[in-house]
Amino acid sequence: MAIGITIKKENFEKFKNQFEKYANENGFKFNYTGGSIAKATVTGISNKSYTGSAIKPAPVVKLGSTTLKSGTDYTVAYKNNTNAGTASVTITGKGSYTGTITKTFKITAASIAKATVTGIANKYYTGKAITQTPVVKLGSKTLKKGTDYTVAFKNNKAIGTATVTIKGKGNYNGTVSKTFKIIPKKTTLKTATSPKKGQLKVTYSKQTNISGYQITYSTDKSFKTKTSKSSAKLTKTISGLKSGKTYYVKVRTYKTVNGTKYYSG
């Protein structure tokens, strides 16, 4: 003998476990179709930032007043949930539930603004545009040029300060900039003599595209205490030195750009 009972859905959802227990204890066959999951309310899914790994938010699924259980009442499948873009979560009914419902969320590109950039160093002037190969790391991951970022240079030909701008691409956005100096070419110290008592005469090789030469001298080999003089000529005579002392000398070039002096090695 079959017995059919009509109960309001909201009441049944509330007391389903008790009904099932009663049926089992009294020899009834308990059949329950929970209905289609297509009308379920799904929460717990929000936009995420790119991490490099698959992103799997855990949805909260409610049908009426009943909160369904993952693995028992439904399964979850993800699609396009690693790279930046639109990902989807498909919830499929299981056991007493049928149907499917799909929700989407966005994976936003990660900002490159806080990346660590190494491999940028000062360079000597060559007369040509100078480029460098930066190493870009975000956290523990080393990013790939052309895939994760692009590189652009500015003011990288003349003596002065050049700029490297790294711009996020693909799964990364934002920018980070670094600077390096383009410095004048070195000169070579040719002679250092004492033509008269208390004098030091220095000669050095000619260099082009510079403002002048800086001559630094000291009685200390390590140059901890030193004095510097500038000259636009290829020789410099310094007077007023102490007789009988040994002086150490070095020379470098410099160029003044917008009030700033850029020195060679």
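This is a predicted model: local features need pLDDT of at least 70, side-chain atom pairs count only at pLDDT 80 or more; totals for chains, interfaces and linings use all residues.

Trainee: How many aromatic pairs does the structure hold?

Mentor: Happy to. The structure holds four aromatic pairs; rings of Phe, Tyr and Trp (its six-membered ring) count as a pair if their centres lie within 6.5 Å, with planes under 30 degrees apart called stacked, over 60 edge-to-face and the rest tilted. Residues are numbered from 1 along each chain as its sequence is written, and side-chain values use heavy atoms, leaving out hydrogens and water.

A pair of aromatic rings is described by the distance of the centres and the angle of the planes. One of the pairs joins tyrosine 50 and tyrosine 172: the ring centres are 5.5 Å apart and the planes stand at 80°, so this is an edge-to-face pair. It links distant parts of the chain, 122 residues apart. Tyrosine 50 sits in the loop between strand E3 (48–49) and strand E4 (60–63), whereas tyrosine 172 belongs to strand E17 (residues 172–173); strands here are DSSP runs of E, at least two residues long, numbered from the N terminus. Tyrosine 50 has a relative accessible area of 9% and is therefore buried, and tyrosine 172, at 6%, is buried as well (buried means under 20% relative accessible area, exposed over 50%, partly exposed in between, with a 1.4 Å probe and protein chains only).

Aromatic rings also meet charges here. Arginine 252 lies over the face of tyrosine 263, 3.9 Å from the ring centre, and the charged end of lysine 250 sits over the ring of phenylalanine 223, at 4.2 Å from its centre. The criterion is NZ of Lys or CZ of Arg within 6 Å of the ring centre and within 35 degrees of the ring normal.

Now to a sheet: four strands in the order E22-E21-E24-E25 form an open, antiparallel one, where two strands pair if DSSP finds at least two bridges between them. Strand E22 (227–231) and strand E25 (260–263) each have a single partner strand, so one side of each lacks a neighbour in the sheet. From one strand to the next the twist averages 35°, with axes fitted to C-alpha atoms and angles running from 0 to 180 degrees between N-to-C directions. Strand E24 (residues 248–257) pairs with E25 over four bridges, in the antiparallel sense, and valine 257 stands opposite threonine 260 in E25.
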